[in-house]
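Biologist: I am new to this structure. Can we read it together, one feature at a time?

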Amino acid sequence: MLFRSTLAVGRLELSRDLTVPDSPVRIKSKVMYSGGKEAVNRKVFLEVDGQRLAEKTLNIKLQPAGEASVEFEYRPKSIGSQLLSIVLGDDNLPGDNRADAALSVVPALPVLLIDGDPNPKLFRRETFFAKAALSATSNDAPWVRADVQDQADFDTTTLDNYEVVLLANVSELTDAQATAVKLYVQRGGGLIVALGDKVNADNYNRLLYADGNSLLPARLESIERDKRARDNENGEPPGIRVRPDSLELPWMRPFNGANGVDFLNTRFESWWIVTPFDGHPAADVVDPPGAVADNANVAIDDEQKPVDVSTPLVPAYLTTGAPLLVTRKYGRGAVILMTSAIDRDWGTLPTQRDFVPFLHELIFFLAAQKSSRNVEVGMPLILPVAADFPYRQHVFVGPGETEFAAEQAGDELRPLVRLSDTRLPGTYELRRKGEPVVGQNERRRESFVVNFDRGESDLTPLERGDKIVLSKDKRMSFVNTQQELKQQMFSDNSSMEFWKFLLFI
């Protein structure tokens with residue numbers, strides 16, 4: 001073999017792609033070892049924009065054909081785009097000794113809270129706990145800037161001033177409000193729908209669910225309550241909890257038993273039974289004029305166009321088996337449906353220490369949906385930009401300093417810059433044409449990553465049985481040495497023919 005053994009870094013997993021200064025981001029990956037016969041020790045490093053952080057170094061030991069999980073925590077200090085990398089020393093196959101992910105660091109995120117149960121007593125308002133958690137008066141530098149509007153004063157013309165909107169026990173929406181909310185999410189906004197006792201299920205199902213082809217990821221059925229009147233046999237107080245093994249998505253894992261503080265202790269006394277949409281949207285369903293596909297390939301105009309919606313995911317279940325959270329992509333934005341209340345009426349969530357980070361994770365997850373910084377090969381890179389962004393003066397620069405034109409996308413309210421040609425995996429930057437190399441503290445570029453299949457790094461030799469299976473139809477044969485390979489390649493009776501493949505294409 002040309003290479004006897006190799007180490008490879010798996011794909012990076014960020015707890016969030018978007019954050020604010022001094023907010024912790026967890027960076028996870030795996031290091032795989034293949035092709036060797038003896039255990040090895042290696043150092044694993046964290047780099048930020050190519051600069052190795054000396055204090056972020058791990059020592060791992062790997063057994064043959066083994067792997068080790070690695071995790072770092074990083075708190076960015078400045079605003080802007082950053083490239084995070086987990087790196088090993090070089091080995092026989094250096095191309096897979098690093099993995100990258102792009103992180104966007106922004107100022108405090110503006111969030112709009114719509115209160116569906118206003119009350120003269122401040123602490124009885126539906127949004128009281130959420131507002132206090134997100135924008136505490138004692139915090140001089142909040143990560144989120146939250147504004148509150150009563151349901152009766154809901155002004156949809158202000159939606160584009162906010163990254164995320166929270167509907168807190170809002171009883172119902174008018175047709176015009178529903179249209180505005182859907183268009184807001186479709187263009188890249190984030191929406192949290194926290195249910196409660198005021199919610200009119202018929203209104204939500206008609207205007208926002210529409211048989212699963214619209215904004216809501218689930219149909220509202222009925223309110224369920226925990227009817228236990230006394231402590232159970234384990235001495236625990238009444239109330240349904242979150243099922244720990246359901247917290248599998250990266251932004252929910254911090255609240256499982258191993259990492260969370262007290263999220264799993266939350267007792268839910270009431271919740272809505274919902275039915276997540278299970279199927280594919282009808283091809284002829286359209287949303288309001290101006291609809292844009294999720295990949296931003298369709299420009300906004302006066303015609304009705306289909307809106308791309310994803311299959312719903314359930315990031316958290318209750319111990320009853322009922323969903324607590326249901327989410328889906330809608331156009332360029334996303335929505336999270338929370339089946340219990342955001343205040344104290346239906347459970348103890350606002351009294352838990354994990355309540356503040358829980359709200360932050362929901363908001364950061366939704367706000368990150370409007371851009372596409374970490375994608376698979378073939379998926380477009382997308383970044384929101386200012387209305388006066390000079391597209392012709394910018395280029396995307398990919399692997400090998402290959403330049404690509406910056407494409408104009410989006411609309412007047414949500415302008416975007418896009419790169420559609422991402423056939424080359426690796427790191428990309430959006431730069432101004434002719435921009436000189438700048439120092440670390442003067443970085444003005446936007447970073448992106450196009451991921452590739454890292455399974456190709458596995459150099460574990462095939463067993464004899466594997467070779468027999470692969471060669472039984474005589475389309476594949478094996479050689480033992482490089483010299484034998486060369487002879488087979490250049491011999492007159494080489495059976496390597498491509499006409500069949502060309503004809504098929």
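Biologist: Which residue stands opposite I192 in β13?

Modeller: This is a predicted model. In it, L166 stands opposite I192 of β13.

Biologist: How do strands of a sheet pair?

Modeller: Through backbone hydrogen bonds, in a parallel or an antiparallel way. Here, seven strands make up an open sheet, and its pairing is mixed. The order is β11-β10-β12-β13-β18-β17-β16.

Biologist: Which are the edge strands?

Modeller: β11 (144-150) and β16 (313-317). Each of them pairs on one side only. From one strand to the next, the twist averages 15°.

Biologist: Which strands does helix α4 lie across?

Modeller: Helix α4, residues 355-367, lies across β10 (109-115), β11, β12, β13, β17 (323-330) and β18 (333-338). Its direction is at about 150° to β18.

Biologist: Is N169 buried or exposed?

Modeller: Buried means under 20% relative accessible area. N169 has 1%, so it is buried.

Biologist: What about A65: where is it?

Modeller: A65 is in the loop between β6 (51-62) and β7 (67-74). Its phi is near 60°, again a positive value in a residue other than glycine.

Biologist: Why does A65 count as exposed?

Modeller: Because its relative accessibility is 63%, and exposed means over 50%.

How values were computed. Residues are numbered from 1 along each chain as its sequence is written. This is a predicted model: local features need pLDDT of at least 70, side-chain atom pairs count only at pLDDT 80 or more; totals for chains, interfaces and linings use all residues. Side-chain values use heavy atoms; hydrogens and water are left out. Two strands pair if DSSP finds at least two bridges between them. Helices (H or I, at least four residues) and strands (E, at least two) are DSSP runs, numbered from the N terminus. Axes are lines fitted to C-alpha atoms, for helices over the stretch in contact, and angles run from 0 to 180 degrees between N-to-C directions. Contact means heavy atoms within 4.5 Å. Buried means under 20% relative accessible area, exposed over 50%, partly exposed in between (1.4 Å probe, protein chains only).
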